[in-house]
Amino acid sequence: RPAIIICPTSVKFVWEREIQETMLVQQDLEILSGRNGNKVPLSNKNNIVIINYDIVNSRLPELLTCKPKIVILDESHYIKDPSAQRTKAIQELCANIPHIICLSGTPITNRPIEFFPTLNLINPYLFPNRFKFALKYCDARKNRFGWDMSGASNLEELNQILVKTIMIRRKKEDVLTELPPKTRTSIPLEIDNKREYQEI
């Protein structure tokens, strides 16, 4: 602690519920909402802060004062674009964090180069250079417009390196017997236009 959980908006309250149901000790939970929401005092060293990707950039100064010891990125493929503001903000937030956990069912949505920001965030020493990563694993080729890094190469080698170092992969068929029965759950969502919603 403190811990910061960054996730899609739709699962912020799922994280809250799961933490409350599974932690043995009551936790101090803070759920941050809105780009200019009320500033939440993050001084408590036992805090768990839950925030969605869309507002990390605007709430970054506040998050930095928290001095987290761990950051969890749920659906970490949201940081696949190194030029996106949220990716840059998360990289700054995680710069000196001792523990970073990235969770994703689809870490590579289209091509290996999209996985580089996540890999570099978890362990910057494993793949320190995006261009070298692209040359080796993205079949990078120079054309008249610049470098095309949209390909894929040496994927078996990349997979072996990841499995040996930083990646734990669980396929559904491997853990199906350990999963509880399927349940249906109502998930409350934030609404900022309640009056208009009720009128409609």
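A residue counts as buried when its relative accessible area is under 20%. In this predicted model, tyrosine 137 has a relative accessible area of 4%, so tyrosine 137 is buried. The residue lies in helix 5, which spans residues 130-137. Leaving aside residues up to four places away in sequence, tyrosine 137 touches Pro112, Phe127, Gly151, Ala152, Ser153, Asn154, Leu155, Glu157, Leu158 and Ile161. Asparagine 96 is 41 residues from tyrosine 137 along the chain, and their C-alpha atoms are separated by 27 Å.

Helix 2 (residues 56-66) and helix 3 (residues 85-93) form a contact. Their axes come within 9 Å and cross at roughly 10 degrees. Angles under 35 degrees count as roughly parallel, and helix 2 is therefore roughly parallel to helix 3. From helix 2, the contact involves Val56, Asn57, Leu60, Leu63 and Leu64. Helix 3 contributes Gln85, Ala89, Ile90, Glu92 and Leu93. Of these residues, seven are nonpolar, two are polar and one is charged.

Strand 4 (residues 70-74) and strand 5 run parallel and are joined by five bridges. In one of these pairings, aspartate 74 has leucine 103 of strand 5 as its bridge partner. Between the two strands the chain passes through helix 3, and this β-α-β crossover is right-handed.

In a regular strand, side chains alternate between the two faces of the sheet.

Technical notes
Residues are numbered from 1 along each chain as its sequence is written. This is a predicted model: local features need pLDDT of at least 70, side-chain atom pairs count only at pLDDT 80 or more; totals for chains, interfaces and linings use all residues. Side-chain values use heavy atoms; hydrogens and water are left out. Axes are lines fitted to C-alpha atoms, for helices over the stretch in contact, and angles run from 0 to 180 degrees between N-to-C directions. Helices (H or I, at least four residues) and strands (E, at least two) are DSSP runs, numbered from the N terminus. Angles under 35 degrees count as roughly parallel, over 145 as roughly antiparallel, 65 to 115 as roughly perpendicular and the rest as oblique. Contact means heavy atoms within 4.5 Å. Ala, Val, Leu, Ile, Met, Phe, Trp, Tyr, Cys and Pro count as nonpolar, Asp, Glu, Lys and Arg as charged, and the others, Gly among them, as polar. Two strands pair if DSSP finds at least two bridges between them. A crossover is right-handed if, with the strands pointing away from the viewer, the path from the first strand over the helix to the second runs clockwise. Buried means under 20% relative accessible area, exposed over 50%, partly exposed in between (1.4 Å probe, protein chains only).
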